[in-house]
Amino acid sequence: RSVYDGEEHGRFMEKLEARIRNHDREIEKMCNFHYQGFVDSITELLKVRGEAQKLKNQVTDTNRKLQNEGKELIIAMEELKQCRLQQRNISATVDKLTLCLPVLEMYSKLREQMKSKRHYPALKTLEHLEHTYLPRVSHYRFCKVMVDNIPKLREEIKEVSMSDLKDFLESIRKHSDKIGETAMKQAQQQRNLDNIVSQHPRISSGKKSKKEACASSDLEVKNTSPMSEQDSGILDVEDEDEDEEVPGAQDLVDFSPVYRCLHIYSVLGARETFENYYRKQRRKQARLVLQPPSNMHETLDGYRKYFNQIVGFFVVEDHILHTTQGLVNRAYIDELWEMALSKTIAALRTHSSYCSDPSLVLDLKNLIVLFADTLQGYGFPVNQLFDMLLEIRDQYSETLLKKWSGVFRNILDSDNYSPIPVTNEEIYKKIIGQFPFQDAELEKQPFPKKFPFSEFVPKVYNQIKEFIYACLKFSEDLHLSSTEVDDMIRKSTNLLLTRTLSNSLQNVIKRKNVGLTELVQIIINTTHLEKSCKFLEEFITNITNVLPETVHTTKLYGTTTFKDARHAAEEEIYTNLNQKIDQFVQLADYDWMAMEPGSKASDYLVDLIGFLRSTFAVFTHLPPGLAKLCLLLQGKVAQTACMSACKHLSTSLMQLLLEAEVRQLTLGALQQFNLDVEECER
């Protein structure tokens with residue numbers, strides 16, 4: 001910097017040149033010192049060059065020979081290289097195919113399963129294909145096509161499985177009555193078996209009957225595996241003979257479509273959708289099943305088909321409840337049952353009210369009991385059904401009363417109202433067997449002889465017993481205590497006696513043109529029927545095993561009924577006699593202005609007294625051997641009738657004298673009237 005800044009540039013250059021010259025001299029000295037070595041080296045290099053040229057020639061020659069010899073090797077190496085490349089490609093291809101073939105096989109298997117409607121296995125295959133196999137070969141175009149098809153396949157599986165479920169639901173709806181019929185047959189067989197066991201308690205309890213074994217096997221889950229390959233629907237069952245074993249209700253149904261569809265929707269994450277659909281459809285079917293046909297009340301088969309459908313519906317639901325986890329739950333079943341119970345009871349109340357045949361009502365009761373027992377066996381509460389049966393019991397009693405009203409009317413209308421003649425011991429014992437009657441005097445009499453009562457007494461007595469039997473039949477299997485059965489029978493029998501039989505007797509007594517003989521016979525008959533009431537009490541006690549002394553036991557009012565009928569007959573006798581007297585008195589034709597009386601009593605009065613004499617002869621010409629009854633009638637009915645007739649006659653004669661039309665009397669007319677009064681006294 002100082003050289004450039006100052007003015008010593010030329011001087012510096014001089015110094016620099018001097019320095020260069022010094023260096024050149026030193027280099028020259030050094031070169032001169034090593035020159036000989038340099039020459040030697042050049043000489044040696046020249047020698048080496050000659051040798052190198054020789055070597056080059058040898059190498060070139062060797063290379064030429066090597067090239068000539070290596071051409072075949074190069075060709076072989078090329079071929080080897082090409083083979084190695086092909087081998088590597090083949091190996092890579094095999095590896096890729098090894099990855100792809102399982103995918104293609106799984107897809108082929110999936111298609112085969114779809115074709116054969118094995119939808120749940122197809123869904124499992126689809127899951128494996130999607131999550132295990134396809135990710136390994138996802139970069140291939142065919143895999144992309146498969147991946148795009150997977151949602152479509154899932155949807156197809158859903159649709160097909162839902163279609164199978166719909167077919168199953170339709171089959172169940174159509175065959176509910178068959179399922180219910182089978183279940184009710186099973187319940188009937190079990191009840192019969194229980195009755196046999198109860199009648200033969202010595203049968204070893206350690207041995208299970210064939211039926212019990214069958215019943216227990218029905219509890220096992222059938223076809224619960226989603227891999228089941230059977231089609232949906234109801235299995236065909238031939239009609240069995242009565243002696244053959246009835247198949248279990250579950251044996252008639254293939255539930256695999258439900259299980260498959262449930263599993264499929266569960267795997268697809270749409271279980272809730274499936275559950276809601278299933279419950280909604282079954283609710284609709286329940287409403288259809290619970291809708292009774294309009295003519296159901298006409299025949300028992302109408303009721304039976306109605307019950308079979310309901311039982312079939314709930315047998316299926318109960319089986320679904322116990323073989324699936326959550327498809328239906330207890331709350332859902334209970335809700336359906338409450339709806340079914342209310343609708344069934346309402347339908348039965350309505351349709352049973354149309355029934356006027358007691359036999360049909362009794363058959364209906366037995367069918368309802370079997371219906372209730374069947375469903376109770378599946379765990380459904382049926383107390384309301386038995387409560388409703390108590391209502392139907394009252395209706396049954398009314399239909400019985402109507403029927404027996406006709407029976408009593410026919411008996412009373414066809415009776416001849418004359419004592420029953422007996423010509424031999426066999427007939428006598430037959431009558432005694434039909435009606436509890438004992439009379440030592442009558443037994444001692446020789447044949448032919450007569451019972452004091454007419455034929456309607458044993459007939460009415462037996463019909464009362466038949467009525468009691470009919471009432472007892474209805475009370476069977478209602479789970480009532482003996483006291484309740486006894487009370488029901490006694491109340492119904494009281495209605496029969498106090499209303500039905502009483503009205504029938506009153507109608508006969510009040511009938512026009514009823515004769516005095518008939519009325520007297522009715523009095524005798526009702527007296528014997530009144531005495532038979534204690535035997536009816538014993539009869540009811542024997543069939544119900546409830547003693548009459550039991551607290552709250554209803555008493556029979558038969559005594560009152562027959563007493564009232566007898567009193568009505570007596571009043572009718574008195575009324576008829578007075579009417580006859582009035583008819584005779586109306587024939588009286590007194591000449592109140594006659595000057596002289598006649599020589600004898602008036603003709604009308606003579607005829608009247610003759611009528612009364614023949615009338616009261618009826619009371620004294622009763623069958624022999626009935627002295628006590630004759631005394632009873634003579635001491636009460638006959639005397640009362642006589643007093644009533646005399647009083648009525650005297651009143652009528654007094655009215656003849658005091659009539660407003662009689663304004664004037666002669667002594668002769670009074671003497672004639674006096675003759676008539678004296679004739680009456682005589």
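Arg393 counts as buried because its relative accessibility is 18%, where buried means under 20% relative accessible area, exposed means over 50% and partly exposed lies in between (1.4 Å probe, protein chains only). Arg393 forms a salt bridge with Asp394, with 3.9 Å between the closest N and O atoms, and Asp394, at 46% relative accessibility, counts as partly exposed. The model is a predicted one, in which local features need pLDDT of at least 70 and side-chain atom pairs count only at pLDDT 80 or more, whereas totals for chains, interfaces and linings use all residues. Residues are numbered from 1 along each chain as its sequence is written, and side-chain values use heavy atoms, with hydrogens and water left out.

**Salt bridges**

- The structure holds 20 salt bridges, each defined as a side-chain nitrogen of Lys or Arg within 4 Å of a carboxyl oxygen of Asp or Glu.
- Glu572 forms a salt bridge with Lys510, and their closest N and O atoms are 3.6 Å apart.
- Because Glu572 lies in helix 18 (residues 558-585) and Lys510 in the loop between helix 15 (482-509) and helix 16 (516-531), the pair ties together parts that are 62 residues apart in sequence; helices here are DSSP runs (H or I, at least four residues), numbered from the N terminus.
- The two partners fall into separate accessibility classes, since Glu572, at 12% relative accessibility, counts as buried, while Lys510, at 51%, counts as exposed.
- Salt bridges that share partners join Asp61, Arg64 and Lys65 into one network.

**Packing of helix 9 and helix 10**

- The axes of helix 9 (residues 330-352) and helix 10 (residues 358-377) come within 13 Å and cross at roughly 175 degrees, the axes being lines fitted to C-alpha atoms over the stretch in contact, with angles running from 0 to 180 degrees between N-to-C directions.
- Helix 9 is therefore roughly antiparallel to helix 10, a description that applies to angles over 145 degrees, while those under 35 count as roughly parallel, 65 to 115 as roughly perpendicular and the rest as oblique.
- Trp337, Thr344, Leu348 and Ser352 of helix 9 meet Leu364, Ile368, Phe371 and Leu375 of helix 10, contact meaning heavy atoms within 4.5 Å.

**Nonpolar core and Phe456**

- The largest nonpolar core has 165 residues, and those with the most contacts inside it are Leu165, Phe307, Phe314, Phe451, Phe456, Ile464 and Ile573; such a core is a set of buried Ala, Val, Leu, Ile, Met, Phe, Trp, Tyr and Cys residues joined through side-chain atoms within 4.5 Å.
- Helix 4 (residues 141-199) supplies the largest share of this core, 14 residues.
- Leaving aside neighbours within four places in sequence, Phe456 is in contact with Ile411, Leu412, Asp415, Tyr417, Leu505, Asn525 and Leu529.

- Leu656 is placed in helix 20 (residues 627-657) and, at 12% relative accessibility, counts as buried.
- The C-alpha atoms of Leu656 and Ala588 are separated by 8.9 Å, although the two residues are 68 residues apart along the chain.
- Apart from neighbours within four places in sequence, Leu656 is in contact with Val585, Ala588, Tyr590, Trp592, Tyr604 and Val662.

Methods
Helix = DSSP H or I, 4+ residues; strand = E, 2+ residues; numbered from the N terminus.
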